[in-house]
2 protein chains.
Amino acid sequence: MLSRRALNGLAEIASGSRVLTAREDLLTYAGDATPLHRHPPAAVVIPRDAEEVARIVRLANEEGFALVPRGAGSGLSGGAIPIPDSVVLLFPTWNRILEIDEANLTAWVEPGVVTGQLHAAAEAVGLFYPPDPGSMNVCTIGGNVAENAGGLRGLKYGSTKNYVQGLDVVLPTGEGVRLGGKAIKDVAGYNLVDLMVGSEGTLGVFTRILLRLVPKPETVRTMLALYDSVEAAGESVAAIIAGKIVPATLELLDQATIRAVEAFAGLGLPTDLGALLLIEVDGRRHEVEQDAFEIVRLSRIHGARDVRLAASPEEADDLRAARRIAFSALARGGPTVILEDATVPRSAVPEMLRRIQAAGQRHGVTIATFGHAGDGNLHPTCLTDERDPAALARAEAAFEEIFAAALALGGTITGEHGVGLAKRRFLPAQVGDPAVRLMRQIKAVLDPNQVLNPGKIFEPGPRCEHPPLGHRVHERAGRAR
Amino acid sequence: MLSRRALNGLAEIASGSRVLTAREDLLTYAGDATPLHRHPPAAVVIPRDAEEVARIVRLANEEGFALVPRGAGSGLSGGAIPIPDSVVLLFPTWNRILEIDEANLTAWVEPGVVTGQLHAAAEAVGLFYPPDPGSMNVCTIGGNVAENAGGLRGLKYGSTKNYVQGLDVVLPTGEGVRLGGKAIKDVAGYNLVDLMVGSEGTLGVFTRILLRLVPKPETVRTMLALYDSVEAAGESVAAIIAGKIVPATLELLDQATIRAVEAFAGLGLPTDLGALLLIEVDGRRHEVEQDAFEIVRLSRIHGARDVRLAASPEEADDLRAARRIAFSALARGGPTVILEDATVPRSAVPEMLRRIQAAGQRHGVTIATFGHAGDGNLHPTCLTDERDPAALARAEAAFEEIFAAALALGGTITGEHGVGLAKRRFLPAQVGDPAVRLMRQIKAVLDPNQVLNPGKIFEPGPRCEHPPLGHRVHERAGRAR
């Protein structure tokens, strides 16, 4: 329960009915796109500007409640799921692109701007914002920055962090700071911008975001290569990289995903396929033609049964269809769909696919895998039913093996979704106890009262080996866990 | 003075004469490439492996002395200059390239590898390590990572931080951690890799470094454009960017620099030139030819008196000569040369050049400017004489104005050299007190006993608003400042 003083304080700051406490509102914001986790907040608040955010954060410190900043709620690791007695911060009206600076190749945006909206605005002036998460037509830049979102163009263009050049942040203590700026190179002091990117709402609330843009590629060519086996697809990927070609997109669908797609949409893909690759190269016209030709050649050498090269934007859209609908197609296969993003070094993708299949078979669950083969970021997807505890336990056991396999192959438990709630318990196995302690210490020193999205990333437990940092921590120890 | 116990402890760890305390050795490591600052350490230690580094760091915590990790000593902000009673860590034998992984486009290297050595090794297998600091034939990867070094290819390729994918680090507490890895996308927990990059030796000692490589550009074209004024050069830069061309290199020399170069080397440049641009485009052959043609066209439209396009690698070397020798040529103009790296958004370069000239004139000092016009990273260089206190004071007053101008134009006090000792007092004006406090808190929590390169980045003063974090801090408060 929120205290009366806390609620009154919120109502005073967010006047004009911008504090929601009706049961249906609280249920609306109880979950995000992550299965298995839901919890209604105590209230939902819609701040109007950075000053209101700062006042709300200060109130949270004074009254001892937790804040959960939320973008579009499309996250897949539970980063935006409320913890008990918390207050969700919503930014529905913060959707303005404040400036596109063509001379400096930057954009200042509000955190509620939808990623696809920025794509369109940048492309209208011949510029390009590369990060393209699967949810780009609903997800927001604020959420992308909080999660360091990836996307289909990661191989060539990197993730969100490669495009965040500055941030206006309200710190967990309620102070506002501007980090970074329009100077491309800036080494004044510690790199706090990149500490904030991917901090999953635990270290600051972003109120304005300065993004780097690049010139829009002149053209793009799209190919679909069909294989009898994932091994052959993996060899093609290796051959393309060895050929010094860096496609913008290099996506893989395995057999189970292809069959689900066919059952769902009837695209005419042979259902005996072992794997397919969706490949896109972008850039200057002449270079793109050369690369596309070479990719077709290499794919055939390495066992592609068929390679289709789109001759028009419409054909390209057709070729992209299988990848685009993969998740929706799979989601029809079970009432509960667990989509993960275990990620390995590129060279380990074929071995990782084998281990994913083996884990599924061992635990008697169906796991289909698609994802970003070019950067090793795979999405093993399990169809299960959360109403059946035994089935769910089998799925969880399989994912435990899958995460262990990713780590054994030099990879990570999460390539682009974040740790959130869903993967907290796997974090120590990846980074080790000293690094977890270091992260917890950073959290504790920035957020001594644990007001910003506590309980995410780290499992409940000792926060820090040092003595508590401020008197308020004593009073509230354990509260927000 | 180091205690007897500290010295004995060091001698025990770094056995076999790897602890240097002779006066001439201490003087050898008293400074780096930064003018005005020198101080001999109490000892110099050459560790053999990561375990020895960890033991030395633990000893420093126990015995209360400070460690100053040092690369090649080519830094320009004083990051490697010893503080009183400190111990310098040297890595002369840590110069192995441990692996170049062509499938994953990565290299594991030891911190003492010279940057140019990695360039050569990567290019031998058709790969490319883009960061190219001016000192690349002497500076080391360890130092580059500590300072987040830039270089001439920053506009297209970014800085060192864009290529660090993993680090083995000995933390200030003596624990070893591996951060990051070969998976390109990794969002598991806070981004500690990027916190370490550019931390100037204050947060950890790097014992192995995993770097990202890219395919080697197929070709490069080099151009030299000569202008009557810096304004005209600035307009060309803006036109190139507006034309959606991203050169690898876009370097500017102003009139004072050109005259110094001519006086030094007699390259045959007209001495009435107002500015020159060295421009390089790299990539695929066809694209590079197109871009070079367009750059020549745009430069002429925007007032270039002459544009020379190299027809061979030898001609390209000739065109690069002026830029390459700029610093040496300037250094002949005065016994003390202060080279700074005030940096502004690209669009503010012409205005910044005017303000630099005005500051020099106002304080009666000669300031020549060259640098990376494409990314706004300028090197105003003042020729003075440190034996003349009045002249030095005038130079410092001019730089104070120059830094203020950079900040007023939305820039930074340092684009690629770091804060170190030289720019500590300007940091708060750039990032603000709350961000400085946050940085100090991070330093305090990672390094409670202030053993790693204390006194760098931050001015002596309160370290942290919180109560001290560990008992040892009490005992040693103020010691290392």
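Good morning. I begin with I457(A), found in the loop between α15 (433–446) and α16 (471–476) of chain A; here helices (H or I, at least four residues) and strands (E, at least two) are DSSP runs, numbered from the N terminus. The model is predicted, so local features need pLDDT of at least 70 and side-chain atom pairs count only at pLDDT 80 or more, while totals for chains, interfaces and linings use all residues. Residues are numbered from 1 along each chain as its sequence is written, chains are lettered from A and ligands numbered from 1 in the order in which they are written, and side-chain values use heavy atoms, with hydrogens and water left out.

I457(A) has a phi near 70°, a positive value in a residue other than glycine. Most residues other than glycine have a negative phi. With a relative accessible area of 0%, I457(A) is buried; buried means under 20% relative accessible area, exposed over 50%, and partly exposed in between, with a 1.4 Å probe and protein chains only. Another positive phi, near 75°, belongs to L36(A), which sits in the loop between α2 (23–28) and β2 of chain A. L36(A) counts as partly exposed, at 36% relative accessibility.

Which residues of helix α1 of chain A are buried? In α1, residues 4–13, they are A6(A), G9(A), L10(A) and I13(A). Seen down the helix axis, these buried residues fall within an arc of 100°, so they line one face of α1(A); the arc is that of the directions from the helix axis to the C-beta atoms. An α-helix has 3.6 residues a turn, so residues three or four places apart point the same way. R4(A) and E12(A), on the other side of α1(A), are exposed. The cover over the buried residues includes β1 (19–20), β2 (43–45), α3 (50–63) and β4 (87–90) of chain A.

I turn to the relation between the chains.

Chain A brings 85 residues to the contact and chain B brings 85 residues, where contact means heavy atoms within 4.5 Å. Of the interface residues of chain A, 100% are also interface residues in chain B, so the copies meet through the same surface. About 6,700 Å² is buried between the chains, with carbon and sulfur atoms giving 60%; buried area is the accessible area (1.4 Å probe) that two parts lose on being put together, summed over both. In chain A, K185(A), V187(A) and Y190(A) lose the most area to chain B, together 15% of what that side buries.

K185(A) also has a polar partner. Its side chain is joined to that of E416(B) by a polar contact of 2.9 Å, meaning a pair of N or O atoms within 3.5 Å; within protein, one must be able to donate a hydrogen and the other to accept it, and residues adjacent in sequence count only if both atoms are side-chain atoms. E416(B) makes a further side-chain polar contact with H372(B), at 3.0 Å. E416(B) lies in the loop between α13 (389–408) and α14 (427–431) of chain B and counts as buried, at 10% relative accessibility.
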